[in-house]
Amino acid sequence: MHISPVLWQFLVKWLNASALFPREASTIAPYADALYFFLLLITVVGLTFVGCLIFGFAIRYRKEKHPIAIQVEGSTLLEATWTIIPLALFLIVFVWGALLYFRIYNPPTNAMNIYIVGKQWMWKAEHPGGQHEINALHVPMGRPVQLTMISQDVFHSFSIPDFRVKREVIPGRYSTVWFNATTPGTYHIFCTQYCGTNHSAMIGEVTVLSPDDYEKWTQQSTSGTSLAQNGERLFASMGCNACHSGSAAARGPNLAGVYGSKLQLTNGSQVLVNDAYLRDSILNPSQHITAGYAPIMPTYQGQISEDGLIDLVEYIKSMQSNYRVQQTLTTSESNQAAPTTPGVVKP
Amino acid sequence: MSATSSTILNLPDQRTATLPKRTYINNEDGLLSWLFTGDHKRIAILYLISITFFFFIGGAFAGLIRLELLTPQGDLMASDTYNKMFSMHGIIMVFLFLVPSVPATLGNFLMPIMLGAKDLAFPKINLLSWYLYWLGGIVVLGALVLGGVDTGWTFTTPLSTHYLNTHVVTAATGVFILGFSSIFTGLNFIVTIHRMRAPGMTWFRMPLFVWSHYAASILMVLGTPVLAITLTLVALERLVGIGVFDPTKGGDPLLFQHLFWFYSHPAVYIMILPGMGVISEVISTFSRKRVFGYTAVAFSSVAIALFGFFVWAHHMFIMGVSNYSALVFSLLTMLVAVPSAIKTFNWAFTMQKGSITFETPMLYAFGFLGLFTIGGMTGVFLGALGMDIHLTETYFIVAHFHFVMVGGMLMAFLAGIHFWWPKMTGRMYPESLSKLAAVTTFIGFNLTFLPQFILGYLGMPRRYHAYPPEFQVLNVLSTAGATVLGVGYMLPLLYLAWSLKYGAIAGNNPWQATGLEWQIQSPPITENFIEIPIVDHEAYDYEWLEHKTAQEVTTVG
């Protein structure tokens, strides 16, 4: 909507001050609010119109003034009018709403990624740099942030009203949402999908920091190991590296650089390797056999937590070469190799 | 009746008037004659008493919910208790009140009479439907007494299947049984409308009340089985772990949402369509005019029923359905909004050049028009994809569906009850008191639910037991409104009960309406008509009525 920015700001400030209107704290918020005001406008106009008709007719044709009713047949012209005008308005709303939807749910490619794990009744945020937060989320101002979210138990829904974004957090499936915060401050995080006893306590705060403050926060609150480093340890301890070693004779496909590539599967389909695919192929490997490999990978369902899966995914995403995998492998093999008697042929 | 009087209410001379000697009420005596009756009118009365009972139970829960929300902290009851409160409020109001409200009471009573028939096609199935209603109702109450259920009325998996140890299966069984009660009512209506119309009663001579019930019946018969299947799957998943909805067993939790809303979206049309039928009758009668654009209104009911089946995924826009399917469902949602707009304008234009009076049913109908317009328009907010992201799962949605279901349906139900009360009981209620109740309800309703739209845009999530303190002012307003609303609903209960014994004798046609039901005695005899009428006029033909009345006067005189 083309409204003068000065007027817009005045309007928004006035509404905020009277606690009737949420703050606009993301780049999406003004777009959402523009559609909201348009919808409010057509509602008020529509309601006024219906109200005028009813009150107008009620006054003009009340029995005292108009004792004998005049029978009128319907009118095709009028029927067409009030079919087409609402339809046209609703179609405008549809197109506008669809544009907004795609804006909210299509993250820009340069967005930084933060993982969110929802569980009864808390939000865990996992930053790639190794910062872990509970019921809190620190983000930099003026930078697109994408949240990759998953639930450990039931449906939750991650909502930041002041950013006008919300998305269901689903068990067993990554869902994403993104925003670009514009104003430093703290804002509510709500779980909006009913999730059991303490649903209303599953709330938190998102803190928007200026880039400098964010830098400071990142350094002060890191746990010391990044998600990818955690993932690397898991990769070794779960024995993934035994097959996914990247060597020519390995029984599992090479994972270096696999993220973002297109894979040919044995069933003939082609898939894009993204977070969801990686997670799913760890849990249900038999559903996703890369062409040229035997279906020998066991399922890891129930053996890795959602946090662990995020670590693994983050590790595979960051994997550019197999150098460290092979290093780990040799180390672990040489450890095991020490007590064995010479002459035994290793498989 | 003078031409300048401001009412069309025309009661017989109270000094000489008496109730008819033989009516469906006194035709047989004893409790058993009611419990084993096949008479659609008696079953309607049984239903009316039953749904009123459940309405006030559901209403008590609503009152407790609003009381808890008076303060930001959860201080009146524990979280679990609160969750059980809103779950039971939803289950009782949706399945035990709204779905059967107009069809099972007014529909049962009037459908055969409006068609010129002696009874519904299957009187025994009709009675069975009432017994199933009570069986389902008792099982739901059983779940409540045993300790309640806290799934919300939506039974969302995997919460309902794996994470709660309340009486989910019991409550689901209750709803399952209630579904059959609803299917039988719908089935009965469809067959009756097709097969039992009086000679001359063509499809386009039927009152719009019948058309809207026809559309709702189709939804009941086609939609409800899906709910039954869904609840069965939930129960099986909970009891034996079949894993249809469990992602760790390869199931899909979103499948539940699809199945559930495939019924529950059409269900809102099951609830609202019969109400729309009532409004058509009421507005026509008190404007003394044929409903403007009869065919458009009739077909818009059918269009709503048809489109209503293809919009369910608009409940899932934020749940990770594909963006393109979201597009399709949003577009279809916009289309389903159009027939409702058509109806609203047709009702408004019915008043044009009429001769309008403002008796209680008409006041309720005005309330319906205003509130339903707001309810419908806010539905468009939610149908718009990008807007839905911010608004869904907040108090905006709570306000929206209460505007449609309570502001729309309950207003229509009360309009209908006040309109046909003289026909059902033969007696009038006190008019000034009932007008006061209509106005009180309207004010209370707006005060309760308008603040919730604002709360919703501020982001307050629904089903919250405690909330951030900045939302308190609006919540206090809403609770205050709920109190007024409660008074508005108690009043009719009192004066309608009073009128059963002390109300003025109503006579056959107090409103001088055109429907066949008004041409017979009130209360009607068991067989409805002394002889089966031959219909030679369209619905809402006020000239025919005038002609007929004039002739009667000559004959008697």
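Tutor: Let us begin with angles: axes are lines fitted to C-alpha atoms, for helices over the stretch in contact, and angles run from 0 to 180 degrees between N-to-C directions. Please keep in mind throughout that this is a predicted model.

Student: With that convention, at about what angle to β4(A) does helix α4 of chain A run?

Tutor: Helix α4 (residues 211-220) of chain A runs at about 130 degrees to β4(A), and α4 lies across both β4 and β10 (203-209) of chain A.

Student: In what order do the strands of the sheet that holds β4 and β10 of chain A follow one another?

Tutor: As a general idea, strands of a sheet pair through backbone hydrogen bonds, either parallel or antiparallel. In this case five strands make an open sheet with mixed pairing, and the order in chain A is β4-β10-β9-β6-β7. The edges are formed by β4 (136-140) and β7 (165-169) of chain A, each of which pairs on one side only, and the twist from one strand to the next averages 20 degrees.

Student: How many bridges does β9(A) share with β10(A), and how many with β6(A)?

Tutor: Six bridges link β9(A) with β10(A) in the antiparallel sense, and within that pair A:Y187 stands opposite A:V206 of β10(A). On the β6(A) side there are two bridges, again with the strands running antiparallel, and A:S159 is found opposite A:F190 of β9(A). Strand β9 (residues 185-191) of chain A is also mostly covered, since five of its seven residues are buried. Further along, strand β6 (residues 156-160) of chain A pairs with β7(A) over five bridges in the antiparallel sense, where A:I160 stands opposite A:V165.

Student: Why is one side of β3 and of β8 in chain A left without a neighbour in the sheet?

Tutor: These strands belong to an open sheet of five strands with mixed pairing, in the order β3-β2-β1-β5-β8 (chain A). Because β3 (132-134) and β8 (175-179) of chain A stand at its edges with a single partner strand each, one side of each has no neighbour in the sheet. The twist here averages 25 degrees from one strand to the next.

Student: Which helix packs on this sheet, and which strands does that helix touch?

Tutor: Helix α8 (residues 306-318) of chain A does so, touching β1, β2 and β5 (145-151) of chain A, and its direction makes about 165 degrees with that of β1(A). Strand β1 (residues 112-119) of chain A is itself joined by five bridges to strand β2 (residues 122-126) of chain A, the two running antiparallel, with A:K124 as the bridge partner of A:V117.

Student: Is chain A spread out or a compact globule?

Tutor: Chain A has nine helices and twelve strands. Its radius of gyration is 29 Å, well over the 20 Å that the globule rule gives for 347 residues, so chain A is more spread out than a compact globule. The C-alpha trace of chain A spans about 115 × 50 × 40 Å along its principal axes, and 37% of the 347 residues are buried.

Student: Finally, how many residues does each chain bring to the contact?

Tutor: Chain A brings 78 residues and chain B brings 76. On the side of chain B that touches chain A, α11(B) gives the most, with 14 residues, and by class that side has 44 nonpolar, 24 polar and eight charged residues.

Definitions and conventions:
Residues numbered from 1 in each chain as written. Chains lettered and ligands numbered in written order. Predicted model: local features only at pLDDT ≥ 70, side-chain atom pairs only at ≥ 80, totals over all residues. Contact = placed C-beta atoms within 7 Å. Helix = DSSP H or I, 4+ residues; strand = E, 2+ residues; numbered from the N terminus. Nonpolar A, V, L, I, M, F, W, Y, C, P; charged D, E, K, R; others polar. Pairing = 2+ DSSP bridges. Buried ≥ 20, exposed ≤ 12 C-beta atoms within 10 Å, placed from the backbone. Rg over C-alpha atoms; globule rule 2.2 N^0.38 Å.
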